[in-house]
Amino acid sequence: MELRKKLNVLADAAKYDASCASSGSRRKGNDKGLGGTNKIGICHSYTPDGRCVSLLKILLTNYCIYDCQYCINRVTSDVPRARFTPEEVVWLTLEFYRRNYIEGLFLSSGIIRSADYTMDQLIAVAQQLREVHHYNGYIHLKAVPGASEEAMAQAGRFADRLSANVELPTDADLAELTPEKTMAIVNQTMAQIRQRIDISKAERADSYAAPKYAPAGQSTQMIVGATASSDAAILTTASTLYTKQKLRRVYYSAFSPIQHSDTRLPGQSPPLVREHRLYQADWLMRFYGFSASELTSSDQPNLDLTLDPKLAWALRHRDFFPIDINKAPKAALLRVPGIGARNVGRILTIRRHHKLTLADLAKLRISLSKTRPFVIAADSNPDALRIDRSDLERRVTAVDPQMELFGAATSAVTGEV
């Protein structure tokens with residue numbers, strides 16, 4: 001098959017992995033103008049310091065021996081198939097990089113022959129790039145769950161980041177839709193990577209010359225809405241992975257209906273705003289001190305789609321408020337709706353010099369309509385005395401509604417963009 005046709009097939013097949021974000025634009029180039037956004041292969045991702053980088057995001061092959069029902073590349077799926085050789089991926093990466101199209105490579109694959117064989121093929125790409133062509137750009141390799149410890153050791157030598165996708169939040173979900181994969185197998189692979197990262201960090205603490213192992217850490221992806229599992233189950237699994245496997249990120253991907261899918265799968269995608277709420281909840285767990293069990297309850301196992309999770313928690317725990325912004329500890333300030341982690345740091349610094357008023361909060365560009373009922377400041381704040389009012393939710397959401405992810409609220413609720 002011609003290389004360009006392979007790229008069409010395997011770049012399109014890679015779009016279901018949420019580890020990278022794409023602009024989604026489809027403007028075509030022509031002979032008369034300059035530039036164009038080609039849908040094949042290149043996507044955008046973001047570094048921890050906020051830089052946007054372009055990645056060549058492709059599969060090595062979409063042939064697969066597994067029969068994961070949610071996956072368009074499953075063995076029983078009737079889709080065009082293609083396979084790159086490692087040398088072809090190396091050539092594409094170098095040529096795209098030299099033309100300044102990309103700044104890195106994101107390489108995943110269907111499972112061919114076995115987990116170890118597939119992993120060896122992925123490693124061969126990274127090894128050639130690093131050792132033959134001395135490529136120093138970013139490489140993200142998909143870690144195939146169930147591959148040997150030796151394969152994981154090799155992969156981390158050449159890749160900046162590894163990711164073993166758990167895909168579904170519970171063992172019951174995996175048993176229902178992907179019989180070849182279990183939570184134990186995924187956890188074993190993640191643990192192998194974590195142990196190698198820990199060893200590498202310890203060795204580099206003793207000697208700067210010690211080799212790096214997956215310096216950008218490991219991540220995973222969970223599909224949202226393919227099963228009936230609640231947000232509570234998804235967040236509990238994510239929290240466990242952050243704690244035990246020390247993941248850098250868990251990505252949440254709304255289920256996309258696929259052609260000729262199994263009847264056990266839903267016929268439509270969940271609302272995209274659910275995916276957005278999970279990312280907000282994930283952020284609260286990682287940076288704001290919330291636990292997974294606090295963000296949902298036994299009565300409401302799913303996140304509220306109309307309120308951000310932090311505001312929803314505050315409305316359920318009004319006895320926690322109001323708090324004095326001039327005396328409260330950092331952990332309490334982080335729980336105030338409308339005050340982000342950066343502004344919490346600013347408040348802690350400013351109050352060493354003088355007491356803060358509501359006007360000071362406004363200067364920090366904090367939304368007072370959302371924050372005022374939950375805080376006590378140095379000046380008068382009658383709203384803090386009315387926190388038990390039945391119309392509090394309407395008051396804090398109607399005046400200054402939360403910025404929406406999508407252009408229209410209806411499209412966010414239905415999932416249609």
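Cys71 is partly exposed, with 25% relative accessible area. Here buried means under 20% relative accessible area, exposed means over 50%, and partly exposed is in between (1.4 Å probe, protein chains only). What you have above is a predicted model, in which local features need pLDDT of at least 70 and side-chain atom pairs count only at pLDDT 80 or more, while totals for chains, interfaces and linings use all residues. Residues are numbered from 1 along each chain as its sequence is written, and side-chain values use heavy atoms, with hydrogens and water left out.

Back to the cysteines. The structure holds 0 disulfides, a disulfide being a pair of cysteine sulfur atoms within 2.5 Å. Cys71 is in no disulfide, and its nearest cysteine sulfur, that of Cys68, sits 6.2 Å away. Cys68 is in no disulfide either, and at 9% relative accessibility Cys68 counts as buried.

Now for a strand residue. Ser54 lies in strand β2 (residues 52-59); strands (E, at least two residues) and helices (H or I, at least four) are DSSP runs, numbered from the N terminus. Ser54 has 14% relative accessibility, so it counts as buried. Which residues does Ser54 touch? Leaving aside residues up to four places away in sequence, they are Ile42, Cys43, His44, Tyr101, Ile102, Glu103 and Gly104, where contact means heavy atoms within 4.5 Å.

Next, salt bridges. The rule asks for a side-chain nitrogen of Lys or Arg within 4 Å of a carboxyl oxygen of Asp or Glu, and by it the count comes to 16 salt bridges. Here are three of them.

| Pair | Closest N and O atoms |
|---|---|
| Arg194 and Asp198 | 3.9 Å |
| Arg274 and Asp231 | 2.8 Å |

Arg194 and Asp198 both belong to helix α6 (residues 183-206), 4 residues apart, about one turn of the helix. An α-helix has 3.6 residues a turn, so residues three or four places apart point the same way. Asp198 is partly exposed at 27% relative accessibility.

Arg274 and Asp231 form a salt bridge that links distant parts of the chain: Arg274 is in helix α8 and Asp231 in helix α7 (residues 231-244), 43 residues apart. Arg274 counts as buried at 13% relative accessibility, and Asp231 is buried too, at 1%.

Asp308 lies in the loop between α9 (292-295) and α10 (309-316) and Lys370 in helix α14 (residues 368-371), so the pair ties together parts 62 residues apart in sequence. Both Asp308 and Lys370 are buried.

On to the helices. Helix α8 (residues 272-287) has 16 residues and reaches 23 Å from its first C-alpha to its last, close to the 22 Å expected at 1.5 Å a residue; the expected span is 1.5 Å times one less than the number of residues. Buried residues of α8 include Val273, Arg274, His276, Leu278 and Met285. After α8 comes Gly289, with a positive phi near 80°.

Helix α12 (residues 341-350) has Asn343, Val344 and Ile347 as its buried residues. Why do they line one face of the helix? Seen down the axis of α12, they fall within an arc of 110°, so they line one face; the arc is that of the directions from the helix axis to the C-beta atoms. These buried residues of α12 pack against α11 (330-333) and α13 (358-363).
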